[in-house]
Amino acid sequence: MTGHTEEEAARTFGKKCRGEKRVSFPPDEEMVSGFAESRDTQRDGDSLTLTDIILAYKQSCGKHRVEPKAEIQEQIKNITCLYKRARCLDLKGVHLDYHSCESLEEILKSVQFNLINLQGAGLEENGASSLLDMILYYESATHLDISSNASLGVSGWQALARLLRQSGCLWRLDACNIPMLEYPAQALSKALLSSRLTVLHLENTCLSGKPLFTLVGALKKNSALQELYLCDNELNSYQDAMQLGELLKYNHTLKTLNLSNNTVSDTGLEELCDGLRVQQSGLRTLVLSNNQITHHGMTHLKRVLPFLRTLETLDLGRNNLENQGIHILKESLMVNRSISQLSLASVGITCEGAVVLAEILAESHVLLTLDVRQNHVLTGGLMALALALRINHSVLQLDLDQNPKEDKLVNVNPFFLWNVSLQRCDLIVPLVFAHRRGHWAERCGVAVSIIKYRALSACPPVPPSLSHRPWLPGHHGGEIIGFVVTSSGCQERASALVSDEDISVTATLREDQLVHWASLIKLTACHVQAGQEEPSCSAARV
């Protein structure tokens, strides 16, 4: 009796303490709301055909009440193999609302792609979240472009962050032309802490200020990203440049940093150089084109260039460096042993700057590519570069304007026109000897990638009145041993062949004209007094 009474008392006490609770279950047919197929059994290569995929896509469109996209069906028809990744699913400019995104699952679960291009697809929050989750689940892409989709919303950015953190195959993300406000920058930065991403394009994303600070904070700890593109972000020379300098100090896995079309300027370049100074391994490509940098900024770059060991490509194009900037960089570029590609396109140099570059080429053993397009380089500068390439044994490519700036020549005698061939490429370089007011000037019409050149045919006979001139071609067995005289602000161009000891020139030079002499071995400079018709200068040979 006692035990029975205690049991009843316990049940009564429990009911009072817990209150009345009941558990109910829905009918069996309502318990399962959906299912997901195993990723290992989604693609049955023996039975799946392109026709099956297109049919499944159409049925999915009907289920979601959207019209099948003709461009999508056409791309599926052009897939050649279902056993490996297709090249691209290009949905650029194709409007994708939520239902259109949902209908794509039948394709994504059957075919994997190298690139999925969603640029300008008008993705909104729910559709973006759903589609990005599919891409993650089916490992649909190794390269994803979501540029120009400004309405991803919180859910869309959360889905993108999950994709970056968890994907085992995604290596490149393009997210350009999307304003990176506070939450997008935070979500992206947090994902980059553990992402396997190696290439990130964030052009024109309004990163300046706090968003860049947040991004750099994550990238300091990131050990996977190798290429970062931050063009067109209005990055300034103060806080932004300071953050980028800090990034270079702490991140040693980044190989490429592209900062084109910003406003880093001379002050910001100093911050970047401070970061470069501690780069013992890592950065190989630095692009600073169109950043309002002047020759004053070259003093900062000059100090760091001799210490760089890994930087291979330096792009300073579209900055107003002028000849003075090239003079400042000259010694440090000669000392540097890592830079193999140098771009100085549209930096405002003239023949004077080209001659300085020729001196650098004559000393360089590592430079492979030099770009001097869109500069005011005339005959003398082109010839200086051509001569330097005779000495240089490393340069493979010299980029010049297809139609170089021309000096005004009069009374051109076609009798002195012949072609010379290049040993390093198949191009032909015409040399014209033009007669002007009783004097001779040498003009080079085109010059690219020249190491050595010889006359293809015998040189034309020398007029008797000039046969004593040692600088005319034909006195060295047909080999044109180039020699250059240039002067800033002067259109007179004279040339001569180099003998073992002396250089002689025939041309009228104006008063206080600075002439750059380019010998076969060493480039030197001297002044020539006005009025001297045949000045001479010793050529130092090493």
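Predicted model: local features only at pLDDT ≥ 70, side-chain atom pairs only at ≥ 80, totals over all residues.
**Helices 7 and 8.** I looked up how helix 7 (residues 125-137) packs on helix 8 (residues 153-166), and found an angle of about 10 degrees with the axes 7 Å apart. Angles under 35 degrees count as roughly parallel, so I noted helix 7 and helix 8 as roughly parallel to each other. The crossing of helix 7 past helix 8 is left-handed. On the helix 7 side I listed residues including Ala128, Leu132 and Leu136, and on the helix 8 side residues including Val154, Ala159 and Leu163. The residues of this contact divide into 8 nonpolar, 5 polar and 3 charged.

**Salt bridges.** I found 6 salt bridges in the structure. One of them joins arginine 162 and aspartate 133, at 3.0 Å from N to O. Arginine 162 is in helix 8 and aspartate 133 in helix 7, so this pair ties together parts 29 residues apart in sequence. Arginine 162 is partly exposed at 26% relative accessibility, and aspartate 133 is partly exposed at 30%.

I then checked lysine 109, which bridges to glutamate 106 with the closest N and O atoms 3.5 Å apart. Lysine 109 is buried at 14%, while glutamate 106 is partly exposed at 23%.

For arginine 172 and aspartate 174, I noted a salt bridge with the closest N and O atoms 2.9 Å apart. Arginine 172 is partly exposed at 22%, whereas aspartate 174 is buried at 7%.

**Serine 100.** I located serine 100 in helix 5 (residues 98-103). Is serine 100 buried or exposed? Its relative accessibility is 7%, so serine 100 counts as buried. Leaving out residues up to four places away in sequence, serine 100 touches Val66, Lys69 and His95.

Conventions:
Residues numbered from 1 in each chain as written. Heavy atoms only, no water. Axes fitted to C-alpha atoms, helices over the stretch in contact; angles between N-to-C directions. Helix = DSSP H or I, 4+ residues; strand = E, 2+ residues; numbered from the N terminus. Parallel < 35°, antiparallel > 145°, perpendicular 65-115°, else oblique. Left-handed = near helix turned anticlockwise from the far one by under 90°. Contact = heavy atoms within 4.5 Å. Nonpolar A, V, L, I, M, F, W, Y, C, P; charged D, E, K, R; others polar. Buried < 20%, exposed > 50% of the residue type's maximum accessible area, 1.4 Å probe, protein only. Salt bridge = Lys/Arg side-chain N within 4 Å of Asp/Glu carboxyl O.
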